[in-house]
Amino acid sequence: MENRVEQFRKERGLSQEDFARAIRVSRQTVSSIETGRYNPSLDLAFDIADFFGKTIEEIFIRDGGNNHEKK
Amino acid sequence: MKKSELISGIILTLAGVAALIAAILTETSFDGIFWGIAGAGLCLGVGRVISWFHWSSPAQADRLKELQENKEIAQHDELNRIIMDRAGRIAYNFSLLLIVCTMLILTVLYAAGIAEKHSFTILILGGLLILQVVAGIAAVAHIRKKY
């Protein structure tokens with residue numbers, strides 16, 4: 001699954017640390033989401049979408065895979 | 001910082017002092033245990049009391065708040081939970097394999113008369129405990145590299 005988290009975060013001038021604190025996750029989680037190594041839970045995806053004022057579909061782009069947890 | 005931290009620190013220190021006195025004044029086969037309790041109690045207790053005084057000063061209030069917030073985030077972080085779960089599964093499977101191997105080795109050693117049952121069993125159990133802890137830590141470190 002691709003996502004535009006990094007793009008939206010940078011548009012708001014936020015560091016990974018600041019963004020992580022805002023959505024109450026670790027910086028490593030933000031980094032892993034942005035690089036596509038980890039797909040967030042639905043709860044966290046909603047939190048991220050709410051933070052940016054977007055819909056989930058605008059941020060996360062499904063590319064055929066449906067695994068929540070990367071191997 | 002919570003007052004319970006200070007109280008538990010004082011209790012641990014007192015327990016450590018009591019064990020230290022017992023270790024010095026008595027000469028029994030329990031001396032080793034007393035020394036162990038004294039060391040653990042004094043180190044943990046004194047450390048906790050010092051930590052309480054350090055973090056309770058007004059100058060540390062902001063830093064303490066930040067640290068507590070970071071700790072709470074780390075505890076509830078979903079990626080962290082997944083990593084810990086996977087690490088736990090790996091450590092568990094590893095410990096099962098280790099126990100099976102240990103049983104086989106012990107059986108051979110006892111049968112050959114190389115090992116004395118009592119002392120060897122204690123050593124093996126201690127080794128198993130340490131290996132399980134180390135395996136858990138190594139598994140977390142290994143999985144973390146993937147994210």
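**Entry 1: a loop in chain A**

I started at R24(A), which I found in the loop between α2 (16-22) and α3 (27-34) of chain A. Helices here are DSSP runs of H or I with at least four residues, strands are runs of E with at least two, and both are numbered from the N terminus. Before going on, I noted that this is a predicted model, where local features need pLDDT of at least 70, side-chain atom pairs count only at pLDDT 80 or more, and totals for chains, interfaces and linings use all residues. Residues are numbered from 1 along each chain as its sequence is written, while chains are lettered from A and ligands numbered from 1 in the order in which they are written.

I looked up the phi of R24(A): it is near 60 degrees, a positive value in a residue other than glycine. Most residues other than glycine have a negative phi. Is R24(A) buried or partly exposed? R24(A) counts as partly exposed because it has 14 C-beta neighbours inside 10 Å. (Buried takes 20 or more other C-beta atoms within 10 Å of the residue's own, exposed 12 or fewer, partly exposed is in between; C-beta atoms are placed from the backbone.)

**Entry 2: chain A as a whole**

I got five helices and two strands for chain A, in the order β-α-α-α-α-α-β along the sequence. Of the 71 residues in chain A, 21% are buried. I also checked contacts (C-beta atoms, placed from the backbone, within 7 Å). Among those in chain A with a separation of 6 or more, 57% are between residues 24 or more positions apart.

**Entry 3: helix α1 of chain B**

I tested the length of α1 (residues 3-25) of chain B. At 1.5 Å a residue, its 23 residues should span 33 Å, and the end C-alpha atoms are 33 Å apart, so the two agree. (The expected span is 1.5 Å times one less than the number of residues.)

Which residues of α1(B) are buried? I listed G9(B), L12(B), G16(B), A19(B) and A23(B). Their cover includes α2 (31-56) of chain B.

I50(B) sits in that helix α2 of chain B. I50(B) counts as exposed, because it has 11 C-beta neighbours inside 10 Å.

**Entry 4: where the chains touch**

I found eleven residues of chain A and nine of chain B in the contact. On the chain B side, α3 (61-76) and α4 (78-112) each supply at least two residues. α4(B) gives the most, with four.

Notes: Contact = placed C-beta atoms within 7 Å.
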